[in-house]
Amino acid sequence: VCTSRFWFNYRHVANTLSVYRSVKRLGIPDSHIVLMLADDMACNPRNPKPATVFSHKNMELNVYGDDVEVDYRSYEVTVENFLRVLTGRIPPSTPRSKRLLSDDRSNILIYMTGHGGNGFLKFQDSEEITNVELADAFEQMWQKRRYNELLFIIDTCQGASMYERFYSPNIMALASSQVGEDSLSHQPDLGIGVHLMDRYTFYVLEFLEEIHPASQTNMNDLFQVCPKSLCVSTPGHRTDLFQRDPQKVLITDFFGSVRKVEITSETLSLQRDVAGSESKLPEEELATEPLKYAEQLPVAQIIHQKPKQKDWHPPGGFILGLWALIIMVFFKTYGIKHMKHVF
Amino acid sequence: GGMAAAVLLLLLLAAAGPGPGRAEAGRERRDALREELLLTPLPTGDVAATFQFRTRWDADLQRGAVSHYRLFPKALGRLVAALGVRELHLALTQGFWRTRYWGQPPLQAPAGAELWVWFQPTVTDVDKAWKELSNILSGIFCASLNFIDSTNTVIPTASFKPLGLANGTDHHLLRYAVLPREVVCTENLTPWKKLLPCGSKAGLAVLLKAERLFHSSYHSQAVHIRPICRDASCLAVSWELRQTLTVVFDFFSSGQGKKDWSLFKMFSRTLTDTCPLASQSKVYVDISPKNKEKELLEVSPPPTSVHEAVVQGDKKTYAVYDLLSPSLFNTSRSLNVQLKWKRPQDSSEMPIPTLHAQRYVGGYGLQTGEICTLIYNTHPYRAFPVILLETVPWYLRLYVHTLTIITKGKENKPSYIHYQPAQDRTRPHLLEMLIQLPANSVTKITIQFERALLKWTEYPPDPNHGFYVGSSVLSALVPSVIAMKDMDVEQSPLFTSLFPSSDGSSYFVRLYTEPLLVNLPTPDFSMPYNVICLTCTVVAVCYGSFYNLLTRTFHVEEPSRGGLAKRLANVIRKLRGVPPL
């Protein structure tokens, strides 16, 4: 989730896209990823290289790629939508790509970046999500059995405050800085004119580039990723709610999707589907007279179109109240016995 | 009698003999893919490339359970069947087509996202189906189409007649919505490419790489679904899916200041092979001579054929490269079409299109304003009617009594006006007019509006950017220079057969004007915080000091003389109960 708007927050979009790219490279398909970007940097008119988002200066690595699918864009990234996606309380007409279709055997990775403070994360410069709300959302997820294990990574200023309040089991959290510290950005690119990445995510990306789907690296290596000498802030982590030992948890449990493939050397012969489904198709009815296309600009027909009569609606609310008042005043002044004159 | 019957029986058996395979071939639902690329050099030195991919399926999606999808994408086919859609047109556009300098577009779309749909008469709740449709499409195309609701949907009464087969046009089955703020980027192109039968791996779609396509002045991708005649007799219905992508490469940024273009220069790729599922795959290059001179444009490698057609009322010549002909890839594995100008073109000879329009906001300040539309008819002697459709959001309150239409200094009364006023937070304004444009004239349409103050929660996160007003739509039947003959749809190129033509004397064109950006009076969102800080400071400093001054009492304190002995003595005295020293 990237929560920042405006061109100077380019690095937050680059952060999110680099994690997205690593996760896709390690095997998770787009149908299992919900990507939320609060602003469009790639096709922004201020971007000197359209349709690209770079993470290294000198424009080495384009993390936007050619087959990105963003599920929540621009104004859709709000606290309400984020919490609805997590808890599953979405309106029924939401398409599948915008839902988190997880069950109690799913491991979920949540990565958030943006501007934050002690106990809150800012969404699009107009609203905030607090650590209490986030902890309650995770508890709702736990009670509805929407996750097996959850890894929460946050890269903002004072990020550790966001995981202080978690109380649901099986959650592991990482943050780029402690309370009272700011997370800093890595390097600007003079061609683009803004900072391209944040330090913590930059080193996490470097670490993830060495992981391949079969690697056995575990979480303890991820905790060591950005020491204070490189990151200037002190990354923190929280594992007390997690039931397994972090030493035994593989990185690919959250970042990758490893499928077991069985290779067989025998050939299977498939039967030809003979006259099965095709003959059940209903016979097509042909029109009796030729169909025709509509006229695009039927001037005569348009000019003589009668204006549609407005549907009559019974008067409601204010008008009824006004009439009731008038009638009441009338009968008050003139007495009830005059009613017979009315009828 | 018996012999004849026996012979008949034998014949029947022979006909049914070869078995179920033969009967299946006759009843199979055939689908076909045609793909086409049209390269048009524009008068300003830019080049426009229009891709069209047409999948035609001889099945009736409305009736019958269709379960086997081959070329027609299943996502769209199920959508049409489930929601009772008769026609669907969705366009996502970045940039603006400059009709004045570039000429009439083959198919234009307004900036942002545009969706218009005709529903079947069997649909009972059209609004509910419309809402579901926009949500499903937002998931398929990764666009924020779920923001389409009653505040930006209108029901046009005269424009947007169906482009496919129709038997009756009750305009209550039509819905039209525009989202001018919508951004188009690679995430919209990716699912669009996935709908193509060959994806982006073979055929013309290999040229569609996002880094080059979005580095352009105009990028528009669209999906059109409509029912068409299956054959010339038009007794059966086929469904057609057209995916079009128009991109205009800029002379200065992509062309590096030179007018010579080639496929490699435009797309950084060349064509290497054809899509095996396509029945036809062609590249057309517009080499029409201007002003009846000899050809100025040279194409290489030499084309497989030259095609002449009357397109948009004018005679045009095209060099055709048929990718399915074996001779094309004989010499080299890749095809890189190059366009070179034989002699430098006179920049003063820019042809002016017959119909073009312009729109802008007039006025000053944050209270009132004026929307002005200028429509130009440059035909020397023919007048023709044009329908103008304007959709204005509810927070710009239009005053219809200030609507003026002036042509050549005199007032021009429209033959038909349909105005539906807005309802706050429910419905936008809709203004549709049929205006006669006299020959060689400029028509100016002005209407004044007042800006409303929104509730503070209704402002978007970046309110100082402004609010967009969607493009207005001009539909016209422009008289053609040369009469067009009725052509067989299957034989003619795809770019000529999008709009069904009724007679050859005029051609139908739909133009869009510029979208407008209007500033609304914006409150100061940091005001509550500032007020609280200031008030608390004032209260703490002023009232607090005053309160202290009034209620604080002063008492004298004995200077204490320290010393351990004295303290010890005081302790003993306390134990004894005697007052201390």
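Biologist: How far apart along helix 9 of chain A are A:F330 and A:Y334, expressed in helical turns?
Modeller: Helix 9 of chain A covers residues 318-334, where helices (H or I, at least four residues) and strands (E, at least two) are DSSP runs numbered from the N terminus. Because A:F330 and A:Y334 are four residues apart in this helix, their separation is about one helical turn.

Biologist: What pLDDT must side-chain atom pairs reach to be counted in this model?
Modeller: Residues are numbered from 1 along each chain as its sequence is written, while chains are lettered from A and ligands numbered from 1 in the order in which they are written. This is a predicted model, in which side-chain values use heavy atoms, without hydrogens or water, totals for chains, interfaces and linings use all residues, local features need pLDDT of at least 70, and side-chain atom pairs count only at pLDDT 80 or more.

Biologist: Is A:F330 buried or partly exposed?
Modeller: Buried means under 20% relative accessible area, exposed over 50%, and partly exposed in between, with a 1.4 Å probe and protein chains only. The relative accessibility of A:F330 is 35%, so this residue counts as partly exposed.

Biologist: How many aromatic pairs are there over all chains?
Modeller: Rings of Phe, Tyr and Trp (its six-membered ring) pair if their centres lie within 6.5 Å, and planes under 30 degrees apart count as stacked, over 60 as edge-to-face and the rest as tilted. Applied over all chains, this rule gives a count of 30 aromatic pairs.

Biologist: What is the geometry of the pair A:F152 and A:F166?
Modeller: A:F152 lies in strand 7 (residues 149-155) of chain A and A:F166 in the loop between strand 7 and strand 8 (171-175), so that the pair links distant parts of the chain, 14 residues apart. Since the ring centres are 5.3 Å apart and the planes stand at 75 degrees, the pair is edge-to-face.

Biologist: At what distance from the ring centre of A:W142 does A:R145 lie?
Modeller: A charge sits over a ring if NZ of Lys or CZ of Arg is within 6 Å of the ring centre and within 35 degrees of the ring normal. A:R145 lies over the face of A:W142, and its distance from the ring centre is 4.8 Å.

Biologist: What is the relative direction of helix 3 and helix 5 of chain B?
Modeller: Axes are lines fitted to C-alpha atoms, for helices over the stretch in contact, and angles run from 0 to 180 degrees between N-to-C directions. Helix 3 (residues 74-83) and helix 5 (residues 126-141) of chain B pack with their axes 11 Å apart, at an angle of about 170 degrees. Angles under 35 degrees count as roughly parallel, over 145 as roughly antiparallel, 65 to 115 as roughly perpendicular and the rest as oblique. The two helices of chain B are therefore roughly antiparallel.

Biologist: Which residues of chain A does B:T186 touch?
Modeller: B:T186 is found in helix 6 (residues 186-194) of chain B and is buried, because its relative accessibility is 0%. With contact meaning heavy atoms within 4.5 Å, and not counting residues up to four places away in sequence, B:T186 touches B:A210 and B:F214 as well as A:A51, A:Y64, A:G65, A:D66 and A:V68.

Biologist: What is the omega of the cis peptide bond that joins B:S300 and B:P301?
Modeller: B:P301 is found in the loop between strand 11 (297-300) and strand 12 (305-311) of chain B. The cis bond joining B:S300 to B:P301 has an omega of about 0 degrees.
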